[in-house]
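Look it over, then read on.

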Amino acid sequence: MTIELRKLTKRYGTLTAVDAIDLDVDDGEVLCLLGPSGCGKTTTLRMIAGLEFASEGDVLLGGKRVNGLAPRVRNVAMSFQFYALYPSITVAENLAYPLHADKLSKTEIAERVARVSKTLQLDGILNRTPSQLAEGEKQRVAVGRSIIRDPNCFLFDEPLSRLDVQLREEMRGEIKSVLQDLSRPTVIVTHDQLEALTMADRIAVMRDGRIEQVDTPHNIFQHPTNLFVAGFIGTPQMNLVPATLTSAQEDGVAEFSVEGGQNLKIQVDRRICELSAGARVTLGIRPRNLEISHEAVEDGLSTKIDMVEPMGAETLAHLYDGKHDLRVVTDWRVPLTEGEQVHTRFLPGTTLVFTEDEQVLRS
Amino acid sequence: MARKYREVGKAGWGYTALTTVVGFIYFFPVFWIILTAFKTRTDALAVPPKLFFTPTLDNFYSVFFRTSITTGNSQATDMGLYFFNSIFIAFTAVGFAVIVGTLAAYAFSRYPLRGNDTYLFIILTTRMMPPIVVIIPIFLMFRISGLAGSYWGIMLLYTAFNIPFSVWLVKSFFDELNPEIEDAARMDGSTERRVFFGFCIPQILAGLAATFVFGLILTWNEFLFALLLTGVDTRTVPVAMARTLGGEVGVDYGLLAAIVTLFLIPIFFVTFLLQNQLLRGVTFGTVKK
């Protein structure tokens, strides 16, 4: 079973919520749709489910076009952001409800409910109604209700957004292990990058109805293809510094004049030599790839420590170079004093260069 | 010294007493009517008003039986029929209105039209003018169509009268529901019919009960249209009551009070039966899920 989206588009009046997206999800693969609110990820999910019909383009399940089909014909399981448990019936009945269309015998239904409740540790709460459940339990029932059938694919809409931090971590692992046993294509919608990075086999980053990049979590983080993905993924956020190229060598060592007047000589991608001197670029570097040094360096900027935020094992420092705020994450043992003048070194080979059209330079 | 803070959820004696007094003032006219129903004509007209008297059931007897002055025979009045008419007409009409209103409200809430709010506003405007303004055209319509004096006619009118109110009230209940539950039911293989009857309706039953009772009270007490559009056989109690006024002996207050007292019973009974639903209905959605 696979999910394929072909030029899928959804328009509401003049607003284009989803704009001609192409996407493939393989059997057993977990794909996360990640993006800020209003980027069209939930609409995309609902079109796969059949709760919304596409304005243009196709949804294919297992190679079959399902555009006009109702959700129940598509045989898709979906779990909702607010769990959507049926309020007037018990947990056991909630779990059994998706089976009612399958014409199963009573014993078989009981068996399946027992199996699911064992997997998700719902045994003790089967006779309660949804209003008597804690948030985490509701979430588990919602997951249970979607895995009790044997659907073609699984869809999760913001599965963890309503849980507190501790439960979220717990459930993340639980959902991940449940999904691994299912070997069906799964699409998870989330705005939480940590959720996406930990649970997904691949991530599709969306913005304004378009997919900006689809790749493995590692590649999304290490090799973002454009400025938006670079800025969106990673906490603390990647530092993005506007600069002008002064000179570039064949081996990728280039000199930049950073906005505010300082010069910077760093190792970047080799394709930098394709650009002519004077080109406007944006340099992107992760806070953990910056190093604080007390001596002046060629491959760094002179900065003042503006604010220090201890984060436990690491310290987040906000540095100011007279024009931009730079976020640096250092080991907690590095002594930092607010107001101190320091130099910030760009570790070689870690800086990304984005051209004026916001695309990354990569050979 | 800091003012003492009252524990939340507990009213003091002062508030309890105040509420009792206000409640008593509101209930007093009703209380007086019920009392009058048990009085003889002399007691009812006594000055100063009597609070203690020997109760009599004569008034209730004469609601249903009239004793002829000349022959001394007692003869049944039509009041039984009028009570049946009131109950039959009000319950059927409000029942229809809630059914139609619920279907319309679901459509307005879940499948909004272009200019949805305009439609809703237009529906509401029908309740903005005093009904007496349209009494002549409605009377003519009923005369020409032959609906005047029939059960169908008055029930149709009351249904139409209650629909705007039902649509608005029930729509607000549907709006409060979490649409994800309906989507989940769809995903789990429910047809649209089952989504509506199996999942939406059960969640707003309390609201429907509240809507029904409010509509019922309005319709139960309606006088103007009943006066003009009902015939001898379809007359409702409020109209029949008005007809007992006047005559050669003046207003028979005891008789009037007895009819009113009997007239209160059905509506009181329904409200009492549905009181829990009513409370939930009117507070629906005030507590977020």
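## A helix and its cover

In chain B, the cover over the buried residues of α13(B) includes α1 (13-37), α2 (41-45), α3 (58-64) and α12 (237-243). This is a predicted model. Which residues of α13(B) are buried? They are B:G254, B:L255, B:L256, B:A257, B:A258, B:I259 and B:F263.

Helix α13(B) covers residues 253-273, 21 residues in all. From its first C-alpha to its last it reaches 30 Å. That is close to the 30 Å expected at 1.5 Å a residue. The helix is kinked, though: a bend of about 25° lies at B:I265.

## One buried residue in chain B

B:F174 belongs to helix α7(B), residues 151-176. Why does B:F174 count as buried? Because it has 21 C-beta neighbours inside 10 Å, and 20 or more are enough for that label. Set aside the neighbours within four places in sequence, and B:F174 is in contact with B:A105, B:Y106, B:S109, B:C200 and B:I204. B:A209 is 35 residues from B:F174 in sequence. In space, the two C-alpha atoms are 14 Å apart.

Now to chain A. Its domain assignment gives domain 1 (3-232) and domain 2 (239-354). The C-alpha centres of these two domains lie 39 Å apart.

Strand β3(A) spans residues 30-34, and five of its five residues are buried. A:V30, A:C32 and A:L34 point one way. A:L31 and A:L33 point the other way. In a regular strand, side chains alternate between the two faces of the sheet.

| Strand | Bridges to β3(A) | Direction |
|---|---|---|
| β8(A), residues 186-190 | five bridges | parallel |
| β9(A), residues 202-207 | four bridges | parallel |

Particular pairs can be picked out. A:L34 has A:T190 as its bridge partner in β8(A). A:L33 has A:A204 as its bridge partner in β9(A).

## Where the chains meet

How many residues does each chain bring to the contact? Chain A brings 18 residues and chain B twelve residues. On the side of chain A, α2 (71-74) and β6 (76-79) each supply at least two residues. β6(A) gives the most, with three residues. By type, the residues on this side of chain A are 14 nonpolar, three polar and one charged.

Notes:
Residues numbered from 1 in each chain as written. Chains lettered and ligands numbered in written order. Predicted model: local features only at pLDDT ≥ 70, side-chain atom pairs only at ≥ 80, totals over all residues. Domains from an automatic or database assignment. Contact = placed C-beta atoms within 7 Å. Nonpolar A, V, L, I, M, F, W, Y, C, P; charged D, E, K, R; others polar. Expected span 1.5 Å × (residues − 1). Bend = angle between axes of the 7 residues up to and from the residue. Buried ≥ 20, exposed ≤ 12 C-beta atoms within 10 Å, placed from the backbone. Pairing = 2+ DSSP bridges.
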